Amino acid sequence: MSEAATTIAGLARALRAREVSSVELVRQTLARIAASQPALNAFITVDPEGALAQAHAADVAIARGDAAPLAGIPIAHKDVLMTAGLRTTCGSRMLEHFVAPYDAHVVARLRKAGTVLVGKTNMDEFAMGSSSETSFFGPVRNPWDAACVPGGSSGGSAAAVAAALLPATTGTDTGGSIRQPAALTGVCGLKPTYGICSRYGLVAFASSLDTPGAFARTAEDCGLLLTAMAGHDARDATSLSRPGEDYVRLLAQPAAARPLAGLRIGLPREYFAAGGVEAEVTTAIEGALRELRALGATTVDVELPMVRHAVPVYYVIAPAEASSNLSRFDGVRYGHRAAAYRDLDDMYCRTRAEAFGAEVKRRVLVGTYVLSHGYYDAYYLKAQKVRRLIARDFAQAFARCDVIAGPTAPTCAFAIGAKTGDPVQMYLNDIFTIAANLTGMPAMSIPCGFTSRRLPIGLQLQGNSFDETRILNVAHRYQQVTDWHLRIPSPPPRARGDGAERSEAGEGTAR
Amino acid sequence: MSFSSDDVTRLAHLARIDLADDEARDVRAKLDAIFGLIDALQAIDTTDVEPMAHAQDVSMPLRDDAVTDENRRDRYQAQAPAVANGLYIVPKVIE
């Protein structure tokens, strides 16, 4: 597949030039999804009829010359975002048959921008996980090696773009759920500043951290998606009222020999000295930093002494908010209800026992504990205070630099089943991503290399609040001189047998 | 910290989640590990630090006191396990 055929920007040009129709694109997309599903399981629901009807409407609009900016572009939404009339399960038995009564705000905005919704992507149950293994609908598999996880919780969205099934998907990021799977599958994943994309219609996990965002093959495409998604929404009390922005405006500036001249990249000592970072990850990050310096950037050491507490802070705050948010699933108004029960209380207890998976139960129990009488100050309040100390570290660091760079995840993709028995090991996948959720600052992961086993490695770029255009521009300039983001695994992905190495000849690039 | 089986039973009831015996044993072991991670917070000095409840330090906006929601009762109730006469039906709670 050519680069143009895997990017929003390329497909939008082809659609407008009438080289291809949206109906053709959507038919190809549906065929690729169907072919990939036995191997990847990236989708929970696919809507061929709805997608073809939207595609036809997009073709009509394009022919009339009054099409919206993303008209005819196939997209899939993470199954935690409500889609009117289409099943929205959150990867849970609890919502196995739930049909959303309205669109999430970001879903409505992407519809208005002309995208064609083809389906809903698989994910960790209620977005709780770092491997997309906890879904009621079965694990998602990594397109680079079907024996490995794609990361999580937005693993289906990441795998779908990685396998070039379609050019764009949405995700949500509460502790790294866009960036970590983007790193593990070799695609771009953007978590914007908290508050610029509405949470209305995002089935809540941890409300002070949940952030809608996007996956795509290029930084430019992430910017195009964010431009469509961002905007004030009175129905989300935490939605910020800000002027509309064109998030790709810096990208259009002409190429220069040193386009990043003047840019100061902060390197947190703590991210590079952290134990547990694989040597091949460190090597790839150092290579990316050399490229960024060659583009004119300078690097400066910064200190984030409190960031080592980000994981424990998160595993107090997120479960606390989850235990409150998930109390709505009680078998009364929607979702699963146990078939047999003695009384109302027994109905709640059995319904939740039957329809929540093990990880969701554990987090609800942790959250219930830290909020319970006598423990609130010691855990929840304490965690909120340390959250402020972490935010202060970042504020001080951003006085000395413009972006912060480092690994997105400490390791490449790991084997399915390798960490399911040990929640603490699973939680440590998010060691570098959680801080951006605690501070609300934007961050993205972009591909920056591969391990010797041909598994992708991600570079994380973090910015100060509302500085999406800058991190997108840094990523874009990097992508003008590298091609890691254009590599796609050979379809159809197969599990590696008997430890035999995948043939490199089977891999292609989109260039 | 270490959870007793009574702690787990009490917690499961507070959360309204029935746990089978084997499930409760597994939960107990994993909660011990998770709180081993979380308890590191207790050593941090947070004297005079204001708790941070929200990612942006902005005040909540006020809106006009007007009805803006559309009536979605029928759409919502189409999803419910049991409804009658526009009401959600639950097991009898008053004898």
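The model is a predicted one.

**Stop 1: the contact between the chains**

Select chain B together with chain A. The contact draws on 52 residues of chain B and 68 residues of chain A. Putting the two chains together buries about 5300 Å², and carbon and sulfur atoms supply 68% of that area. On the side of chain B, the residues that lose the most area to chain A are Leu41(B), Met52(B) and Gln79(B), which together make up 13% of what that side buries.

**Stop 2: polar and charged pairs across the contact**

How many salt bridges are there between chain B and chain A? The count is two. To view a salt bridge, select Glu23(B) and Lys361(A), where the closest N and O atoms are 2.6 Å apart.

Next, colour the helices of chain B. The largest share, 10 residues, comes from H2(B). Sorted by class, this side of chain B holds 34 nonpolar, six polar and 12 charged residues.

**Stop 3: Asn429(A)**

Move to chain A and select Asn429(A), which sits in the loop between helix H15 (423–427) and helix H16 (434–439). Is Asn429(A) buried or exposed? Its relative accessible area is 2%, so Asn429(A) counts as buried. A polar atom of the Asn429(A) side chain lies 2.9 Å from the backbone oxygen of Met426(A). Now display the surroundings: beyond the neighbours within four places in sequence, Asn429(A) is in contact with residues including Ser130(A), Gln180(A), Phe414(A) and Lys419(A).

**Stop 4: the cysteines**

Finally, select the cysteines. How many disulfides are there over all chains? The count is zero.

Cys90(A) shows why: the closest cysteine sulfur, in Cys197(A), is 18 Å from the sulfur of Cys90(A), which is too far for a bond. Cys90(A) is also buried, at 0% relative accessibility.

Then select Cys412(A), which is likewise in no disulfide. The nearest cysteine sulfur, that of Cys148(A), is 7.0 Å away, whereas a disulfide requires sulfur atoms within 2.5 Å. Cys412(A) has a relative accessible area of 7% and is therefore buried.

Notes
Residues are numbered from 1 along each chain as its sequence is written. Chains are lettered from A and ligands numbered from 1 in the order in which they are written. This is a predicted model: local features need pLDDT of at least 70, side-chain atom pairs count only at pLDDT 80 or more; totals for chains, interfaces and linings use all residues. Side-chain values use heavy atoms; hydrogens and water are left out. Contact means heavy atoms within 4.5 Å. Buried area is the accessible area (1.4 Å probe) that two parts lose on being put together, summed over both. A salt bridge is a side-chain nitrogen of Lys or Arg within 4 Å of a carboxyl oxygen of Asp or Glu. Helices (H or I, at least four residues) and strands (E, at least two) are DSSP runs, numbered from the N terminus. Ala, Val, Leu, Ile, Met, Phe, Trp, Tyr, Cys and Pro count as nonpolar, Asp, Glu, Lys and Arg as charged, and the others, Gly among them, as polar. Buried means under 20% relative accessible area, exposed over 50%, partly exposed in between (1.4 Å probe, protein chains only). A polar contact is a pair of N or O atoms within 3.5 Å; within protein, one must be able to donate a hydrogen and the other to accept it, and residues adjacent in sequence count only if both atoms are side-chain atoms.
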